[in-house]
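Hi,

Here is the structure I said I would pass on. Have a look at it first, and then read my notes below.

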Amino acid sequence: MTPLAVELQHVVKRFRHHVAVDDLSLAVPVGTVYGLLGPNGAGKTSTIRMLLNIIAPDAGRIAILGAAPSQPGILDRVGYLPEERGLYRTMRVRDVLRFLARLKGLRRDTADARIERWLERLELRGNGIDWGRARVDELSRGMQQKVQFIGTLLHDPELVILDEPFSGLDPVNAQVLKDSVVELARRGKTVLFSTHVMDNAERMCDAVCIVAGGRAIRDGTVASLKEAHGGRHVELTLLADAGDAGVATMAVLSDRTLVERVDDYGRSMSVELRAGADAQQLLRHLVDAGAQIERFEMVRPSLRRIFLDAVGAAGTAPEMSGHG
């Protein structure tokens with residue numbers, strides 16, 4: 001049996017009359033990258049705070065690395081990057097990292113060696129540039145986030161918990177952090193991160209749990225979720241926009257006995273078939289309607305599509321802005 005880095009069993013958390021986490025269960029195997037996905041207000045941050053013993057659950061059981069989060073010493077094996085960033089802005093980068101390392105019990109020489117490796121790894125030192133000498137408030141937001149990421153990892157934790165780690169980062173800095181997360185998993189570390197940016201989760205995660213209204217509404221490996229939702233999605237490209245292709249073509253795409261949903265009635269579109277509908281029947285109807293088809297391909301749905309379908313079915317309108 002694969003050991004678990006994180007396990008929640010029927011966890012509930014209430015804040016007065018609001019149920020933030022509602023009978024949530026999940027299991028995160030050791031050595032995986034696991035995504036906790038959901039819209040703003042889904043209960044992701046409340047779940048993470050319970051994992052870290054910042055707040056206590058009202059019901060249920062939580063285990064981290066095989067022990068309760070309240071067990072002495074267990075959280076020393078965890079690294080946490082909160083959504084709310086916080087560094088001492090007037091301190092120099094190396095000084096603040098040494099301070100964070102000392103809080104985790106690292107010796108000065110060990111901390112300094114690791115700081116230098118991470119500064120170089122995250123492109124904050126090298127080629128004649130050394131941002132380690134700069135004050136925190138002299139750094140861009142992206143560089144500050146990389147510094148806090150280093151502080152999360154200096155004590156070489158077994159479990160790394162990241163709350164919206166890529167929020168607000170430019171593509172270059174985001175990619176540097178993503179590469180580092182993947183490398184952590186290769187080294188046998190477990191990474192749990194929350195997000196509702198589906199592209200990040202799809203590229204990085206071995207498994208995910210989609211939450212809405214504090215409940216788990218889908219969970220499993222990314223491959224298994226796609227397999228379960230496969231067989232009903234067609235990528236369709238016409239030689240002209242659907243409207244220009246004629247009334248008959250639009251009638252086929254609007255036929256609710258065949259088609260559940262069409263994203264973008266342009267030249268290229270994603271078509272979701274009705275449950276039990278036959279893709280070949282749709283193709284025949286389009287050809288009979290005179291549609292000039294450039295591409296007609298059955299595809300597995302993206303994680304974003306699965307997320308939108310799952311959260312919509314749960315009655316929660318997702319916010320896809322990239323924060324939360």
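Let's begin with a pair of strands. Strand β1 (residues 4-15) and β2 run antiparallel and are joined by eight bridges.

Mean pLDDT for the protein comes out at 89, with 96% of its residues at 70 or more. Among the elements, β4 has the highest mean pLDDT (97), while helix α10 (residues 303-313) has the lowest (81). The stretch to watch is residues 317-324, where pLDDT stays under 50. The model does give that stretch 28 contacts beyond four places in sequence. Still, where pLDDT is low, the predicted coordinates should not be read in detail.

Back to the strands. β1 and β2 belong to an open sheet of three, in the order β2-β1-β4, with antiparallel pairing. Which strands stand at its edges? They are β2 (18-29) and β4 (59-64); each has a single partner strand, so one side of each has no neighbour in the sheet. From one strand to the next, the twist averages 20°. Helix α1 (residues 44-51) lies across β1, β2 and β4, and runs at about 115° to β1.

As a reminder, strands of a sheet pair through backbone hydrogen bonds, either parallel or antiparallel. For a parallel example, take β5 and strand β8 (residues 159-163), which are joined by four bridges. Within that pair, Leu81 has Leu162 in β8 as its bridge partner.

How do α2 and α4 cross, and what is the angle? The axes of helix α2 (residues 93-103) and helix α4 (residues 141-153) come within 9 Å and cross at roughly 30°. Angles under 35 degrees count as roughly parallel, so that is what α2 is to α4. The crossing is right-handed. On the α2 side you will find Val93, Val96, Leu97 and Leu100, which meet Val147, Ile150 and Gly151 in α4. The residues of this contact divide into six nonpolar, one polar and no charged.

Now turn to α2 and helix α3 (residues 108-121). Their axes come within 10 Å and cross at roughly 130°, which makes α2 oblique to α3. α2 passes α3 in a right-handed crossing. From α2, the contact takes in Val93, Arg94, Leu97, Arg98, Ala101 and Arg102. From α3, the residues are Arg108, Ala111, Asp112, Ile115, Glu116 and Leu119. How many of the contact residues of α2 with α3 are charged? Six are charged, six are nonpolar and none is polar. The contact of α2 with α4, by comparison, has no charged residues.

Cheers

Definitions and conventions
Residues numbered from 1 in each chain as written. Predicted model: local features only at pLDDT ≥ 70, side-chain atom pairs only at ≥ 80, totals over all residues. Heavy atoms only, no water. Pairing = 2+ DSSP bridges. Helix = DSSP H or I, 4+ residues; strand = E, 2+ residues; numbered from the N terminus. Axes fitted to C-alpha atoms, helices over the stretch in contact; angles between N-to-C directions. Contact = heavy atoms within 4.5 Å. pLDDT = per-residue confidence, 0-100. Parallel < 35°, antiparallel > 145°, perpendicular 65-115°, else oblique. Left-handed = near helix turned anticlockwise from the far one by under 90°. Nonpolar A, V, L, I, M, F, W, Y, C, P; charged D, E, K, R; others polar.
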